[in-house]
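Welcome to this structure. Here are a few notes to read alongside the sequence and the view.

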Amino acid sequence: MIRRSVITGTGSALPKRVVTNQELAKQVDTSDEWIVERSGIRQRYIAGDDETTSSLATDAARAALAAAGLEGHQIGLIVLATATPDQTFPASATIVQDALGANGGIAFDVAAVCSGFLYALGVADSMLRTGMAERALVIGAETMSRIVDWNDRATCVLFGDGAGAVVLEAREVAEDGPGLLVTHLHADGAHNQLLYVDGGPSSTQTVGHIRMKGREVFRHAVTNLADVLSNVLADQGFAPSDVDWVVPHQANQRIIDATAKKLDLPAERVVLTVDRHANTSAASVPLALDTAVRDGRIKPGNLVVLEAMGGGFTWGASLVRM
Ligand code: UT7
């Protein structure tokens, strides 16, 4: 038997307001055709004044807790991945903790932008396996609409808001049983200027806006994601053909397709939500995971690989037996 972090519940939350490409094209010099052809995005959810990163995170966490049959007070660790916290400090995880009645345990945010959920999962898994907590909530939540430059058509059409969460429970399981098998994480700070926000408390004392050299990010994304995917599989002695589902970061359908093709992974085994959710940064992987769990595609026992790449650059992948 081996101590592993097992995903016992998933949940997600989206803002009330949907904005289609057609609606966006009324305010920005763009078109539905351009956005769909270049990214696969057809619509995105945009948070209203009454919706914040922590409120979306709390809703997603409540859904994950309900799926796991747990209540907030049973959670000893909350790791929230976000690039758009409610406040510069304290961590939005502490706002979620209080809303859930999980007060007294560990709660902190992780900043790794679009790879944030993978980083949060890796950190939470390590903490559970070393006994720092028995049950954790790992959440990715973003309100990217608050930091996009609505005058920059090259970026503002790509992002959306939302949250996704998983409950992780430490369990003693058989070698071929469920749980997180391995997570690989990477960062390369040399590429800061290809994808960043041009503000921050210590530099400009402003929040700033997203800046991206899309074409260059695209090229790095396919190479890094294909590498990290094949490495997590090889680490555990699996081949791409053993994978039941790939849950990729939903930045661009062309990146997802190109990465899957490089590894010979059939498109039918890749979960796609970018058309509906757009790029929700740290929320995108758990949102897609929850979608595929709830619609019955991802089943107990399935071998699932999660992957993401984003600003930093940061990138990573996790291999999970559901
Ligand atoms: O989540 C973090 C990771 N981020 C990513 O993975 C994003 C990676 N990059 C991408 O997804 C793609 O590079 C984009 C979707 C951002 C852009 O696609 P692209 O095929 O690389 O287009 P481009 O940036 O090279 O722009 C092509 C043309 C340009 O016009 P010219 O210079 O060829 O005349 C742009 O000005 O498209 C123009 N353009 C637009 N046209 C209509 C840029 N944005 C728009 C727009 N609507 N919204």
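Which element supplies the largest share of the shell around the ligand?

1. Helix α7 does, with 4 residues. Please keep in mind that this is a predicted model. Other helices giving at least two residues each to the shell are α2 (32–39), α6 (153–156) and α8 (253–262).

2. The shell draws on both domain 1 (2–173) and domain 2 (179–321), with at least three residues from each. In makeup, the shell holds 12 nonpolar, 5 polar and 5 charged residues. Thr30, Arg38, Arg153, Asn252 and Asn279 come nearest among the 22 residues around the ligand.

3. The protein buries 75% of the 970 Å² that the ligand exposes when taken alone.

4. On to the salt bridges, which number 13. Glu134 and Arg3 pair at 3.0 Å, N to O. This pair links distant parts of the chain, 131 residues apart: Glu134 sits in the loop between α5 (116–129) and β6 (135–143), and Arg3 in strand β1 (residues 2–13).

5. Asp198 and Arg211 also meet in a salt bridge, at 2.9 Å from N to O. Asp198 is in the loop between β9 (195–197) and β10 (210–212) while Arg211 is in strand β10, so the pair ties together parts 13 residues apart in sequence.

Notes: Residues are numbered from 1 along each chain as its sequence is written. This is a predicted model: local features need pLDDT of at least 70, side-chain atom pairs count only at pLDDT 80 or more; totals for chains, interfaces and linings use all residues. Side-chain values use heavy atoms; hydrogens and water are left out. A residue is near a molecule or strand if one of its heavy atoms lies within 4 Å of it. Accessible areas come from the Shrake-Rupley method with a 1.4 Å probe; for residues, only the protein chains shown count as cover. Ala, Val, Leu, Ile, Met, Phe, Trp, Tyr, Cys and Pro count as nonpolar, Asp, Glu, Lys and Arg as charged, and the others, Gly among them, as polar. Domain bounds come from an automatic or database domain assignment. A salt bridge is a side-chain nitrogen of Lys or Arg within 4 Å of a carboxyl oxygen of Asp or Glu.
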